[in-house]
Amino acid sequence: MKVVGLTGGIGSGKSTIARFFNELGVPVYIADTEAKKLMHTADLMKSIINLLGDQAYKENVLDRKWVAEQVFGNEKLLKSLNAIVHPAVGKHFKDWSN
């Protein structure tokens, strides 16, 4: 299988192109969407809570606004959160693409 990465800035048309590919029957992996789902799995929830505390989730739902307030502006926390989420997304993509 050939893998094509779709990148670009905000408003550059990534979602539109991904939708076109999907309509043509081309499998599309949207990392942002999958990352949001993965952050609600038991392993990632545990790791994120260990990093940021119980406040990271409200009723088992990631409090994205609160998390953003904690990590943006704190390079160490942002790197730590990315070190939790990015490898999980990478593994998920690898499993999805095989």
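Among contacts in the protein chain (heavy atoms within 4.5 Å) between residues at least 6 apart in sequence, 41% join residues at least 24 apart. The model is predicted: local features need pLDDT of at least 70, side-chain atom pairs count only at pLDDT 80 or more, and totals for chains, interfaces and linings use all residues. Residues are numbered from 1 along each chain as its sequence is written, and side-chain values use heavy atoms, with hydrogens and water left out.

The protein chain contains five helices and two strands. These elements are DSSP runs numbered from the N terminus, with helices (H or I) of at least four residues and strands (E) of at least two. Read from the N terminus, their order is α-α-α-β-β-α-α. The C-alpha trace spans about 45 × 30 × 25 Å along its principal axes. Of the 98 residues, 24% count as buried, where buried means under 20% relative accessible area, exposed over 50% and partly exposed in between, with a 1.4 Å probe and protein chains only.

The packing of helices may be considered next. Two packed helices are described by the angle between their axes and the distance between the axes. The axes of helix 2 (residues 31–38) and helix 5 (residues 75–97) come within 10 Å and cross at roughly 110°. Helix 2 is therefore roughly perpendicular to helix 5. Here, axes are lines fitted to C-alpha atoms, for helices over the stretch in contact, and angles run from 0 to 180 degrees between N-to-C directions; angles under 35 degrees count as roughly parallel, over 145 as roughly antiparallel, 65 to 115 as roughly perpendicular and the rest as oblique.

Which residues of helix 2 and helix 5 meet? Helix 2 contributes Ala31, Glu34, Ala35 and Leu38, which meet Val85, Ala88, Val89 and His92 of helix 5. The residues of this contact divide into six nonpolar, one polar and one charged. In this grouping, Ala, Val, Leu, Ile, Met, Phe, Trp, Tyr, Cys and Pro count as nonpolar, Asp, Glu, Lys and Arg as charged, and the others, Gly among them, as polar.

Two individual residues complete the account. Ser97 belongs to helix 5. Is Ser97 buried or exposed? Ser97 counts as buried because its relative accessible area is 15%. A polar atom of the Ser97 side chain lies 3.2 Å from the backbone oxygen of Lys94. Thr16, by contrast, is found in helix 1 (residues 14–23). With a relative accessible area of 32%, Thr16 is partly exposed. Thr16 and Asp32 stand 16 residues apart along the chain, and their C-alpha atoms are separated by 15 Å.

Notes
Polar contact = N/O pair within 3.5 Å; in protein donor to acceptor, adjacent residues only side chain to side chain.
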